[in-house]
Amino acid sequence: MNAVSLGPRAVARVTGVSTDTLRHYERKGLLPRVTRTAAGYRQYSAATVERVLLIQRALVVGFSLTDLKRVLGARDRGGAPCRSVRALVGERFEQLNQRIEEMGILRDELGVLLSEWDDRLAGTPEGKRAHLLETLGARPVIEGTRRQRQTGPPRRQAS
């Protein structure tokens, strides 16, 4: 064990996560077993700070906690999950590119929609309804996005 031990609040403060998040990571098996003081308080090694920061950075690039448990578990057992890590980030990159493309299409659609709504509002007397929201159902891009949200993004195959 490292000579330095830190309480949960210190680790939380340094890493920017809550103590609840630390406990959640423990329950998920992302952090090694913590030691406890005689009074039962958690004590983390200094290496825990780096581990939590690594987890947080991996979450930013799209790893799930399940992905991280698998990768970190393999690493902790002496394995080299580098190719798996590369594959996961590659998948995330492709998903992000697809999402950016979809957002560009939606942005363009909203520009057209706003122009049409401006025309509709110009012909609608003040105080009368123009029924703008009802026109959303006639927009293929918006309707397609709505349907996609119901089914969710394609699931990644377990490897």
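Buried here means under 20% relative accessible area, exposed means over 50%, and partly exposed is in between, with a 1.4 Å probe and protein chains only. Glu-116, which I will come back to, is partly exposed at 39%.

Now the source. This is a predicted model, where local features need pLDDT of at least 70, side-chain atom pairs count only at pLDDT 80 or more, and totals for chains, interfaces and linings use all residues. Residues are numbered from 1 along each chain as its sequence is written, and side-chain values use heavy atoms, with hydrogens and water left out.

Helices (H or I, at least four residues) and strands (E, at least two) are DSSP runs, numbered from the N terminus. Two strands pair if DSSP finds at least two bridges between them.

I start with the sheet. Three strands make an open sheet, ordered β1-β3-β2, with antiparallel pairing. The edges are β1 (5-6) and β2 (35-36); each has a single partner strand, so one side of each has no neighbour in the sheet. Between β1 and β3, residues 42-45, there are two bridges. Leu-6 has Tyr-44 in β3 as its bridge partner. Packed on the sheet is helix α3, residues 46-60, which touches β1 and β3. Contact means heavy atoms within 4.5 Å. The direction of α3 makes about 80° with that of β3; axes are lines fitted to C-alpha atoms, for helices over the stretch in contact, and angles run from 0 to 180 degrees between N-to-C directions.

Next, helix α4. It covers residues 65-76, 12 residues in total, and spans 16 Å from first C-alpha to last, close to the expected 16 Å. That expected span is 1.5 Å times one less than the number of residues. Which residues of α4 are buried? They are Asp-67, Leu-68, Val-71, Leu-72 and Gly-73. Their cover includes α3 and α5 (82-122). After α4 comes Gly-78, with a positive phi near 95°.

Two loop residues are worth a look. Ser-18 sits in the loop between α1 (8-15) and α2 (19-27), and is partly exposed at 35% relative accessible area. Its side chain makes a polar contact of 3.0 Å with that of Thr-21. A polar contact is a pair of N or O atoms within 3.5 Å; within protein, one must be able to donate a hydrogen and the other to accept it, and residues adjacent in sequence count only if both atoms are side-chain atoms. The other residue is His-131, in the loop between α5 and α6 (140-151). Its phi is positive, near 55°, in a residue other than glycine.

Last, salt bridges: a side-chain nitrogen of Lys or Arg within 4 Å of a carboxyl oxygen of Asp or Glu. How many are there by this rule? The count is nine. One of them joins Asp-108 and Arg-107, at 3.3 Å from N to O.

Arg-139 has a salt bridge to Glu-109, with the closest N and O atoms 2.6 Å apart. Arg-139 is in the loop between α5 and α6 and Glu-109 is in helix α5, 30 residues apart, so this pair links distant parts of the chain. Arg-139 is buried at 12%, and Glu-109 is buried at 13%. Arg-139 also meets Glu-116 in a salt bridge of 2.4 Å, N to O. Glu-116 lies in helix α5, so that pair ties together parts 23 residues apart in sequence.
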